[in-house]
Amino acid sequence: MLGALALIAAAGARSGAVAQASVFRMSTGAPTDRPIAPGFLGLSLEYRSIPGLAGPDLRSINPVLVQLIRNLVSRGRPVLRIGGQSTDRTWWPVGGMSRPLGITYDLTPRWMTSARALAQATDARLILSVGLEANRPKIDAVEASRLLRGLGRKYVAALEIGNEPELYTVVPWYRKLRGAPIPWYSHLGVPVFSRPPGYNAQTFFAEFSRTLRVLPRLPIAGPDTGLVPWLDGFRPFLAPASRVRIVTWHAYGLSQCVTVPFSPLYPTVPNLLALSASRAMVNGISPDVALAHQVGATLRVDEMNSVTCNGRLGVSNTFASALWVMDALFTIAADGVDGVNIHTFKNAANGLFDFDHSHGHWVGAVHPLYYGAMMFAQAAPPGSRLLRINSGNQDQVRAWATLAPDRRIRVLLINDSLTLSARALVRTPIAAGSASIERLRARSAYATGGVTLGGESFGTRTKTGLLAPPREKTVAPRTGVYAITLPAASAALMTLPPRGHGSA
């Protein structure tokens with residue numbers, strides 16, 4: 001068994017003077033049973049985003065995007081979910097059928113070529129969403145068949161039915177202006193909803209079953225909801241022989257729909273750095289995780305980000321999102337969830353990156369959120385197991401630890417305070433030699449650029465998607481204690497040498 005490892009964090013003001021002390025005791029003798037799976041961290045993309053991401057020259061897929069995806073998946077195949085809000089707004093045109101009024105995007109052979117090029121370049125496993133809101137199973141059958149034929153079974157991990165059906169009575173299917181239909185996203189006209197006010201989970205499940213019967217014999221994902229009652233009601237679809245193999249859940253830290261400034265869900269940087277924003281997103285789903293595992297299925301948060309409805313500028317695009325996402329991802333993993341897909345699309349406040357293509361060359365702009373995702377990937381490599389932590393108050397300094405297949409313990413320390421620095425003392429039972437320290441920093445939690453990981457940055461533009469090797473520092477233990485100073489709004493990843501830790 002591994003011995004006890006204690007983290008003692010002394011929080012201080014910017015001057016470094018100690019203001020208070022908090023003691024965290026972390027037992028490394030009981031790692032969790034389920035290791036971090038390869039492909040745990042993936043991306044969620046929109047159908048309409050694929051051509052812009054892959055690029056106009058299908059002989060040369062966007063190499064910057066490919067590298068940025070690989071940075072997050074050190075082993076195994078990445079999981080890309082294609083769906084989101086575009087799920088129910090997209091179709092493959094069906095001969096003899098008029099396009100439903102709520103659909104605004106057509107899949108084409110050229111789209112298929114782009115998607116196939118992206119799948120091949122990344123060797124991705126795709127979760128492909130098919131629309132339910134039109135309530136015409138033939139559309140789903142045609143779309144699923146064309147996707148499977150065009151992309152190849154090798155790349156299709158599952159078909160997902162619908163997207164956030166709880167919103168079918170909330171978000172317009174389309175609008176009418178002077179009697180003529182206009183797109184749902186217009187601010188004009190009268191909203192027309194796809195479902196009547198009494199639409200509920202039971203009605204959705206009946207529609208889900210009807211669509212399921214016409215889809216190709218592939219694993220099925222659902223219900224793609226962010227409401228616990230809808231998730232709980234989905235349990236009849238979970239059985240060893242069921243085609244539903246991936247249970248899908250949506251999780252956001254804050255809500256764009258909340259307009260009351262004093263609400264903890266209102267989008268602000270302080271609210272994003274509050275414990276509730278990163279640790280309440282999977283509240284109530286543990287029984288569903290357990291049931292999915294019991295029947296041989298998985299549960300995946302296949303859409304996740306900081307703020308709903310495309311995010312909030314000044315919050316979602318700040319360095320605070322990098323600190324938030326690390327704690328959120330670890331929280332989700334600790335709940336036994338099998339994977340996460342961070343939702344991103346072009347010019348979104350919530351985005352991980354954006355790209356430009358000119359004169360045959362690609363350049364990418366990497367946003368703060370991506371840096372946090374990348375540090376999580378380093379702190380929790382595939383096959384690693386979370387080490388259970390019995391700790392005191394983590395309001396300012398949050399701590400996570402993993403034991404990886406390389407026999408190294410990695411300790412991630414996140415200082416979420418906007419103004420206070422912290423001094424962390426990490427105690428190990430056996431002096432293990434010098435540990436490496438990699439830092440994630442920016443000018444402040446409100447910064448939208450100038451982020452560094454290991455002292456390196458992608459800069460304002462990157463042509464490669466690669467960071468230079470980190471400029472790590474080392475810290476030697478003194479009587480078994482590693483001392484680490486954490487500036488306000490920063491994080492540090494300490495990697496202990498593999499020797500001297502015994503066996504788990």
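Biologist: Which residues of the largest nonpolar core touch the most other members?

Modeller: They are Met304, Met326 and Leu440, in a core of 122 residues. H10 supplies the largest share of this core, 12 residues. Bear in mind that the model is predicted.

Biologist: What makes a set of residues a nonpolar core?

Modeller: The members must be buried nonpolar residues, joined through side-chain atoms within 4.5 Å. In soluble globular proteins, nonpolar side chains tend to be buried together.

Biologist: What does Met304 touch?

Modeller: Leave out residues up to four places away in sequence. Met304 then touches Ala251, Met281, Trp324, Val325, Ala328, Leu329, Ile332, Val340, Asn341, Ile342 and His343.

Biologist: Which residues does the second core include?

Modeller: That core is separate and has 21 residues. Ala424, Val475, Leu486 and Met494 are among them.

Biologist: Why is Gly383 called partly exposed?

Modeller: Set the value against the cut-offs. Buried means under 20% relative accessible area, and exposed means over 50%. Gly383 has 24% relative accessibility, so it counts as partly exposed.

Biologist: Where is Gly383 found?

Modeller: Gly383 sits in the loop between helix H11 (368–379) and E18. Its C-alpha atom is 7.1 Å from that of Pro38, although the two residues are 345 apart along the chain. Beyond its neighbours within four places in sequence, Gly383 is in contact with Pro35, Ile36, Arg75, Leu403 and Pro405.

Biologist: Now the spaces. What is the volume of the largest pocket?

Modeller: The volume is about 1400 Å³. The lining has 47 residues, and Glu164, Leu167, Cys257, Thr308 and Cys309 lie nearest the centre. Strand E13 (244–254) gives the most to this lining, with six residues. Helix H8 (275–279) and strand E14 (298–307) each supply at least two.

Biologist: How does that lining divide by class?

Modeller: There are 22 nonpolar, 16 polar and nine charged residues. Of those nearest the centre, Glu164 is a Glu, so it counts as charged.

Biologist: What is the volume of the second largest pocket?

Modeller: About 540 Å³. Of its 25 lining residues, Arg34, Pro35, Gly336, Val337 and Asp338 are the closest to the centre. E18 gives the most to this lining, with three residues. By class, the lining has 15 nonpolar, four polar and six charged residues.

Biologist: What makes a space a cavity rather than a pocket?

Modeller: In a cavity, a 1.4 Å probe fits but cannot get out, while a pocket is open. The count comes to one cavity of 30 Å³ or more. The largest cavity holds about 50 Å³, so it passes that cut-off.

Biologist: Which residues line the largest cavity?

Modeller: Among them are Thr87, Asp88, Ile103, Glu133 and Arg136. The lining divides into four nonpolar, three polar and four charged residues.

Biologist: How do you know how confident the predictor is?

Modeller: Read pLDDT, which runs from 0 to 100. The mean over the protein chain is 90, and 90% of its residues reach 70 or more. Over residues 13–29, pLDDT stays under 50. The model has 60 contacts beyond four places in sequence for that stretch.

Terms used. Residues are numbered from 1 along each chain as its sequence is written. This is a predicted model: local features need pLDDT of at least 70, side-chain atom pairs count only at pLDDT 80 or more; totals for chains, interfaces and linings use all residues. Side-chain values use heavy atoms; hydrogens and water are left out. On a 1 Å grid over the protein atoms alone, a cavity is a set of points where a 1.4 Å probe fits but cannot get out, and a pocket is an open set with protein on both sides within 12 Å along at least five of seven lines; lining residues have an atom within 4 Å of a point. Grid points are joined across faces, edges and corners, and a volume is the space filled by probe spheres set on the points. Helices (H or I, at least four residues) and strands (E, at least two) are DSSP runs, numbered from the N terminus. Contact means heavy atoms within 4.5 Å. Buried means under 20% relative accessible area, exposed over 50%, partly exposed in between (1.4 Å probe, protein chains only).
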